[in-house]
Amino acid sequence: MQKDLIIRETDKTPYINFNASTGLLQFHGYSLPENSFEFYIPVINWLEKYIEAPNSKTQFDFRLIVVNTSSSKMYIDVFRKINQLVESGKSEVSVVWYYELDDEDIHEMALQYKDFCKAEFRLIGTEYRLFE
């Protein structure tokens, strides 16, 4: 089985916790890295390996606060991997995207990813702050 991927959050990068044995893949926090490609390439590489032998159920859990333009482009690559996983038929894939109700930018971004995504995609608006 593939090793889990855990990246601790900073004030500019999200907490990423990919648990291969449970199939819960989390993105939480701020995504403002200096070099988005460099930050996200281990994530993309992990997903490529995971697609080969995924859990029978996979849930992507997004709780992002701020995402810069270069990170949003990297998330397109993440969603390409999600689509590949769906198309493989090896896992029941879902995406849950939490956003703060008053955050129109993140909501709009999530809607664009939802249109592109082939997995079941739920948007959940919250009245409370995702992170304090």
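**Helix packing, salt bridges and core**

A: Helix 1 and helix 2 run roughly parallel to each other. This is a predicted model.

Q: What's the angle between helix 1 and helix 2, and how far apart are their axes?
A: The angle is about 5 degrees, and the axes are 10 Å apart. Anything under 35 degrees counts as roughly parallel, so this pair qualifies. Helix 1 covers residues 36-52 and helix 2 covers residues 69-88.

Q: Which residues of helix 1 and helix 2 make the contact?
A: From helix 1, the list includes Phe37, Tyr40, Val43, Ile44 and Leu47. From helix 2, Met74, Tyr75, Val78 and Leu85 are among them.

Q: And by class, what's in that contact of helix 1 with helix 2?
A: It has 11 nonpolar, four polar and three charged residues.

Q: Switching topic. How many salt bridges does the structure hold?
A: Five.

Q: Where do Arg80 and Asp77 lie?
A: Both are in helix 2, three residues apart, about one turn of the helix.

Q: Is Arg80 buried or partly exposed?
A: Arg80 is partly exposed, at 43% relative accessibility. Asp77 is partly exposed too, with a relative accessible area of 24%.

Q: What does Glu87 pair with?
A: Lys118, in a salt bridge with the closest N and O atoms 2.2 Å apart. Glu87 lies in helix 2, while Lys118 sits in the loop between helix 3 and strand 6, so the pair ties together parts that are 31 residues apart in sequence. Glu87 counts as exposed, at 51% relative accessibility.

Q: And Asp61, what's its partner?
A: Arg63. The closest N and O atoms of that salt bridge are 2.9 Å apart. Asp61 is buried, with a relative accessible area of 4%. Arg63 is partly exposed, at 22%.

Q: Now the core. How many residues are in the largest nonpolar core?
A: It has 36 residues. Those with the most contacts inside it are Phe27, Val43, Phe60, Phe62 and Trp97.

Q: Which element gives the most to this core?
A: Helix 1, with eight residues. Among the others supplying at least two residues each are strand 3, strand 4, helix 2 and strand 5.

Q: Back to Trp97. Which residues is Trp97 in contact with, leaving aside neighbours within four places in sequence?
A: The list includes Phe62, Leu64, Phe79, Ile106, Met109 and Tyr113. Phe121, Arg122, Leu123 and Ile124 are also on it.

Terms used. Residues numbered from 1 in each chain as written. Predicted model: local features only at pLDDT ≥ 70, side-chain atom pairs only at ≥ 80, totals over all residues. Heavy atoms only, no water. Axes fitted to C-alpha atoms, helices over the stretch in contact; angles between N-to-C directions. Helix = DSSP H or I, 4+ residues; strand = E, 2+ residues; numbered from the N terminus. Parallel < 35°, antiparallel > 145°, perpendicular 65-115°, else oblique. Contact = heavy atoms within 4.5 Å. Nonpolar A, V, L, I, M, F, W, Y, C, P; charged D, E, K, R; others polar. Salt bridge = Lys/Arg side-chain N within 4 Å of Asp/Glu carboxyl O. Buried < 20%, exposed > 50% of the residue type's maximum accessible area, 1.4 Å probe, protein only. Core = buried A, V, L, I, M, F, W, Y, C linked by side-chain atoms within 4.5 Å.
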